[in-house]
Amino acid sequence: MDLGLSGKRALVTAASRGLGLAVVEALAAEGCRLCVSSSSQERIDAVAANLPASAEVHAMAADIANPGDCDRLFTWAVDALGGLDILINNTVGPDPGSVLELADDQWRYAFESIFMSALRLSRAAVPVMRESAGGSIVNLASLTAKQPIDGIALSNAMRAALIGMAKTLSREAAPEVRVNSIATEHILTDRIRDIAQRVWRLDEESVEQTLHRMAMTVPLGRYGTPQELANAVLFLASDAASYITGVTLAVDGGLDRGLF
């Protein structure tokens, strides 16, 4: 199936590893023209260097928790690509911890990096996308927005705020720009391994044993791969989803028990 992504101009944040990297690789394989960012210039340059030689990719380091960096990143991407058709809002997962133990600074940083970065970039993207043929914004969120998970309070709170903003924006940005979110859970990345080690591991249990135990809670009986998540992003970003906006798609192997 031709998704119609060839030549589309895309900006992807937090793109040097994990889910962001998988999305970049998938977009590049579809022929998108790419601007990619990470907090590390060295890591994001390595991503650009490892993509196929035929891919057009521009790399820039940015701390998206910083308003000035968000502004510079967006202006740079639009200048480099001559416009923007796709925005993928992705962030590094916040610190694990409970509501009672997390410090104010951790809450503030999570708010800036998860919520405000997506708000700032989306707010800048909508008028630029409207100037051309429209566009698509996809937010990488988490199932924690619908179904909070013990031990990761920052994600529980900030992902819900992100999805609430995206749902509201989907109505404001229509009909030219579509805005959707993906609620991921149990996609096997270094982030999941870290949470398994720091939050989910039982006494005398190895990390691999913890991962296996948690995988058995998934109806499909396994963790998902970053590539499977990236396939969902491709769909929502593409013309194949041209009548879909304002949705939160769970890519979680069936973990979500909600009817909607």
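**Note on the sheet and its helices**

1. Helices α3 and α4 cross in the right-handed sense. This is a predicted model, and every point below refers to that prediction. Helix α3 covers residues 67-81 and helix α4 covers residues 104-131. Their axes lie 10 Å apart, and the packing angle is about 30°. Angles under 35 degrees count as roughly parallel, so α3 and α4 are roughly parallel to each other.

2. Which residues make the contact of α3 with α4? On the α3 side they are Pro-67, Cys-70, Phe-74 and Val-78. On the α4 side they are Ser-117, Arg-120, Leu-121, Ala-124, Ala-125 and Val-128. By class, the residues of this contact are eight nonpolar, one polar and one charged.

3. The sheet comes next. It is open and is formed by seven strands, in the order β3-β2-β1-β4-β5-β6-β7, with parallel pairing. The edges are taken by β3 (57-61) and β7 (248-251), each of which pairs on one side only. On average, neighbouring strands of the sheet are turned by 15° against each other, with direction ignored. Strands of a sheet, in general, pair through backbone hydrogen bonds, in either a parallel or an antiparallel way.

4. Two of the pairings can be followed residue by residue. Strand β2 (residues 33-38) pairs with β3 over five bridges, in the parallel sense. In this pairing Val-36 stands opposite Ala-59 in β3. Helix α1 (residues 18-29) packs on the sheet and touches β1 (9-12), β2, β4 (86-89), β5 (135-142) and β6 (177-184). The direction of α1 makes about 170° with that of β1. Helix α8 (residues 226-237) also packs on the sheet, and its contacts are with β4, β5, β6 and β7. The direction of α8 makes about 165° with that of β6. The other pairing to follow is that of β4 with β5, which is parallel and runs over four bridges. There Leu-87 stands opposite Ile-137 in β5.

5. How do α1 and α8 lie against each other, parallel or oblique? Their packing angle is about 55° and their axes are 8 Å apart; α1 and α8 are therefore oblique to each other. The crossing of α1 and α8 is right-handed. From α1, the contact takes in Gly-18, Leu-19, Ala-22, Val-23, Ala-26 and Leu-27. From α8, it takes in Pro-226, Gln-227, Leu-229, Ala-230, Val-233 and Leu-234. The classes in this contact are 10 nonpolar and two polar, with no charged residues.

6. Strand β5 is mostly covered, and eight of its eight residues are buried. Both of its faces are covered. Gly-135, Ile-137, Asn-139 and Ala-141 are buried on one side, and Ser-136, Val-138, Leu-140 and Ser-142 are buried on the other.

7. Ile-182 is a residue of strand β6. Its relative accessible area is 0%, and buried means under 20%, so Ile-182 is buried.

8. Some backbone details deserve a check in the viewer. The peptide bond from Ala-174 to Pro-175 is cis, with omega near 5°. Pro-175 is placed in the loop between α5 (153-173) and β6.

9. Where does Ala-14 lie? It belongs to the loop between β1 and α1. Ala-14 has a positive phi of about 50°, although it is not a glycine. With a relative accessible area of 17%, Ala-14 is buried.

10. His-186 is another residue, not a glycine, with a positive phi, here near 55°. His-186 sits in the loop between β6 and α6 (190-200). Its relative accessibility is 5%, so His-186 counts as buried.

Conventions
Residues are numbered from 1 along each chain as its sequence is written. This is a predicted model: local features need pLDDT of at least 70, side-chain atom pairs count only at pLDDT 80 or more; totals for chains, interfaces and linings use all residues. Side-chain values use heavy atoms; hydrogens and water are left out. Axes are lines fitted to C-alpha atoms, for helices over the stretch in contact, and angles run from 0 to 180 degrees between N-to-C directions. Helices (H or I, at least four residues) and strands (E, at least two) are DSSP runs, numbered from the N terminus. Angles under 35 degrees count as roughly parallel, over 145 as roughly antiparallel, 65 to 115 as roughly perpendicular and the rest as oblique. A crossing is left-handed if the near helix is turned anticlockwise from the far one by less than a right angle, and right-handed if clockwise. Contact means heavy atoms within 4.5 Å. Ala, Val, Leu, Ile, Met, Phe, Trp, Tyr, Cys and Pro count as nonpolar, Asp, Glu, Lys and Arg as charged, and the others, Gly among them, as polar. Two strands pair if DSSP finds at least two bridges between them. Buried means under 20% relative accessible area, exposed over 50%, partly exposed in between (1.4 Å probe, protein chains only).
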